Amino acid sequence: MLGALMASGNTELVDADSPDADVLMVNTCAFIESAKQESIEAILAAIRKKTHGTVKKVVVTGCLAQRYGDELAIELPEVDAFLGIQSAPMVSDVLFGTASARRAASPAFSLPMATTNARNFVQPLTEKYPLIPPSRIRATAPWTAYLKVSEGCDHVCTFCSIPSFRGRHRSKPVEAITEEARRLVGAGASEINLIAQDTTAYGMDLYQELALPRLLTELGKVEGLRWVRLLYCYPTMVTERLIKTMADTPNVAHYLDVPLQHGDDGMLKRMKRGGSQSSYLRMLERLRTAMPDVAVRTTFLVGFPGETDCAFENLVRFVQEARFDRLGVFTYSPEENTPGYEMTPVVPKKQAKTRRDVLMQAQQPISLAANDRLVNSEMSVLIEGRAANGTLLARSWRDAPEIDGTVRIVNAPDSATPGDWMDVRVVSAEFYDVTATPL
Ligand code: SF4
């Protein structure tokens with residue numbers, strides 16, 4: 001959307017709090033209750049700014065618009081336009097009208113909204129990945145980038161609403177992804193995080209094979225790309241071939257984010273998840289044999305209907321045996337149009353929150369032990385900032401942006417700046433972070 005707006009030639013990107021902002025764009029999430037709530041609060045805050053005359057227009061995009069566009073258009077008349085997830089290239093036309101009108105409007109923002117009175121621009125999803133012209137503009141740090149390899153999901157997890165508004169799985173061609181990776185590296189990225197609803201399903205629709213290993217091999221040839229990181233993998237699709245490719249391709253980070261959702265076989269069946277506790281343990285063993293330094297992140301969902309004390313205790317035991325490096329826990333929220341919505345017996349919210357806390361506490365000593373093993377080891381880290389006390393803040397191959405820990409570098413030279421790489425030695429460890437000194 002930013003790329004499409006800039007290509008229109010009469011847009012300047014400014015921070016949402018800037019007094020120069022004419023249009024506020026709110027990109028939303030809609031996959032669980034708390035995400036929806038956060039999105040609604042952001043929309044209401046934007047509407048308040050419009051009411052006070054601080055901005056002229058409010059545009060709402062993303063999953064919430066895709067999922068509830070019709071209802072929202074009625075409930076929130078102050079919003080000027082709702083754009084679904086495949087309507088991104090339309091953003092410029094919606095705001096500035098047709099191409100000729102845009103030229104006439106340049107450089108000032110003066111045109112009325114679009115050529116139509118409709119405010120809901122949510123479109124039905126297409127069967128192919130809609131390739132957007134190469135005009136991507138990122139709002140994040142230049143040294144790290146997310147790269148989406150596919151859209152949608154063909155799994156049928158009973159708690160999940162995502163396939164209902166993201167559609168069936170469809171992939172970008174290998175060539176398009178490697179080309180995008182080259183452009184990102186050319187613009188300063190040295191780390192690329194591959195994302196999708198199910199990254200491991202990459203290529204099934206286009207090539208009738210699990211083509212993620214092939215994609216990694218191609219990305220391995222991109223000069224200047226130091227880390228390719230895999231996020232959102234599905235456990236039964238972490239194949240021998242994928243593990244071998246990860247181990248053999250030098251720029252693939254020895255890191256795997258593989259949400260398992262549960263560790264009790266009965267719950268996995270209720271959730272309609274592939275695999276079992278024993279198959280997950282075998283997967284971890286294969287990963288650790290091929291890459292002894294691999295860091296594995298997972299996510300669990302507690303409080304799904306039917307989760308008994310016994311099933312939860314089984315999950316805690318599984319976590320203690322599996323010894324994940326990183327672990328996140330969500331509490332279940334019932335989502336309309338999912339089988340879980342009707343399932344019983346329901347677990348009270350308070351009990352689900354307690355279980356989340358218990359699981360996170362069970363993980364703490366495991367995280368600390370994993371970090372302790374790093375003390376005295378040497379590693380290359382990517383610098384991301386500097387704390388007020390002068391300590392550099394960085395990430396190692398074990399830390400995905402935004403969700404994992406930090407490597408704090410003490411006694412660092414003043415010349416080091418964000419985006420630089422540095423070789424360090426770990427000197428101490430905490431639950432989630434480690435402290436290091438420059439080599
Ligand atoms: S694999 Fe992920 S996105 Fe797909 S249905 Fe399951 S939880 Fe939802």
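These legends go with a set of close-up views of the structure above. Keep in mind that this is a predicted model: local features need pLDDT of at least 70, side-chain atom pairs count only at pLDDT 80 or more, and totals for chains, interfaces and linings use all residues. Residues are numbered from 1 along each chain as its sequence is written.

**View 1. The surroundings of the ligand.** Around the ligand you'll find Cys153, His155, Cys157, Cys160, Ile162, Pro163, Gln197, Asp198 and Tyr234. A residue is near a molecule if its C-beta atom, placed from the backbone, lies within 6 Å of it. By type, this shell splits into six nonpolar, two polar and one charged. Here Ala, Val, Leu, Ile, Met, Phe, Trp, Tyr, Cys and Pro count as nonpolar, Asp, Glu, Lys and Arg as charged, and the others, Gly among them, as polar.

View 2. Four strands line up in the order E1-E2-E3-E4, with parallel pairing. At the edges sit strand E1 (23–28) and strand E4 (120–121), each pairing on one side only. Strands (E, at least two residues) and helices (H or I, at least four) are DSSP runs, numbered from the N terminus, and two strands pair if DSSP finds at least two bridges between them. Strand E3 (residues 81–83) pairs with E4 over two bridges, and Phe82 stands opposite Asn120 in E4. Helix H2 (residues 33–51) packs on this sheet and touches E1 and strand E2 (57–62); the direction of H2 makes about 175° with that of E1. Helix H3 (residues 63–75) packs there too, touching E1, E2, E3 and E4. For these contacts, C-beta atoms placed from the backbone must lie within 7 Å. Axes are lines fitted to C-alpha atoms, for helices over the stretch in contact, and angles run from 0 to 180 degrees between N-to-C directions.

**View 3. Helix H10 against helix H12.** H10 (residues 240–248) and H12 (residues 277–290) pack at about 25°, with their axes 9 Å apart. That angle makes H10 roughly parallel to H12, a label for angles under 35 degrees. Glu240, Ile243, Lys244 and Ala247 of H10 meet Arg286, Leu287 and Ala290 of H12. These contact residues divide into four nonpolar, no polar and three charged.

**View 4. Strand E13 and its antiparallel partners.** Five bridges tie E13 (residues 378–386) to strand E16 (residues 421–429), where Leu382 stands opposite Trp421. Another four bridges join E13 to strand E14 (residues 392–395), again antiparallel, and Ile383 stands opposite Ala394. E13 and E14 make a hairpin with five residues between them, and Gly390 in the turn has a positive phi of about 95°.

Notes. Two residues are in contact if their C-beta atoms, placed from the backbone, lie within 7 Å. Angles under 35 degrees count as roughly parallel, over 145 as roughly antiparallel, 65 to 115 as roughly perpendicular and the rest as oblique.
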